[in-house]
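I opened this notebook to keep track of what I looked up in the structure.

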Amino acid sequence: MGESEPWHGNCIAHTSPWSPCSTSCGLGISTRVSNANARCWPEQESRLCALRPCDVDIRPLIKEGKKCLAVYQPEAPVNLTLAGCVSTRAYRPKYCGVCTDSRCCIPYKSKTINVSFQCPDGPGFSRRVLWINACFCNLSCRNPNDIFADLDLYPDFSEIAN
């Protein structure tokens, strides 16, 4: 029988919010710190994220008379690619949209899913990926590379899921 640290029984699990995606378009990384593990030790977790595609201009999709498109979703399912490897199934992801005024769109309803990838010349692997369910447009626009972005308070939406 393995010994556990005497304090482990008193461990209070804590997980920080996910950081903003490292890029405003295309594939990026989001991180958080959690001690919800066997050692109750803070560890950094990461997931892939894609807030919006870089190669699609979604501004023409904004309805006449409106200034923002909160969510964009491609019409056909796509396979996700990572370092030359392709997801084993096709997905129809939602992306945050764009605004023509000074507002920006960010996720407010999301979850983390596991995506399996298969590589052409080797074994497959899986990665955690941000899955966007809904976005909202607001005036609080942050630079995605701002390390102090988490000091701002996020809006209090009970639907936010980690």
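I call a residue buried under 20% relative accessible area, exposed over 50% and partly exposed in between, with a 1.4 Å probe and protein chains only. The model is a predicted one, so I kept in mind that local features need pLDDT of at least 70 and side-chain atom pairs count only at pLDDT 80 or more, while totals for chains, interfaces and linings use all residues. Residues are numbered from 1 along each chain as its sequence is written, and side-chain values use heavy atoms, with hydrogens and water left out.

**Ring contacts.** I took rings of Phe, Tyr and Trp (its six-membered ring) as paired if their centres lie within 6.5 Å, with planes under 30 degrees apart counted as stacked, over 60 as edge-to-face and the rest as tilted. The count comes to four aromatic pairs. One of them is Y72 with Y95, which is stacked because the ring centres are 6.2 Å apart and the planes stand at 25°. Because Y72 lies in strand β3 (residues 71–72) and Y95 in strand β6 (residues 95–96), this pair ties together parts that are 23 residues apart in sequence; strands here are DSSP runs (E, at least two residues), numbered from the N terminus. I then looked up burial: Y72 counts as buried at 13% relative accessibility, and Y95 counts as buried at 13%.

I also noted Y91 and W131, a tilted pair with 6.0 Å centre to centre and 55° between the planes. Y91 is in strand β5 and W131 in strand β8, 40 residues apart, and both Y91 and W131 are buried.

**Strand pairing.** I treated two strands as paired if DSSP finds at least two bridges between them. Strand β5 (residues 85–91) and strand β7 (residues 104–118) run antiparallel and are joined by two bridges, with V86 standing opposite Q118. Between β7 and strand β8 (residues 125–138), also antiparallel, I found 13 bridges; C105 stands opposite C137 there, and a hairpin through six residues joins β7 to β8.

**Second largest pocket.** On a 1 Å grid over the protein atoms alone, a pocket is an open set of points where a 1.4 Å probe fits, with protein on both sides within 12 Å along at least five of seven lines, and lining residues have an atom within 4 Å of a point. Of the 22 residues that line the second largest pocket, the closest to its centre are L27, A50, L80, P93 and Y95. Strand β4 gives the most to this lining, with five residues.

How values were computed: Helix = DSSP H or I, 4+ residues; strand = E, 2+ residues; numbered from the N terminus.
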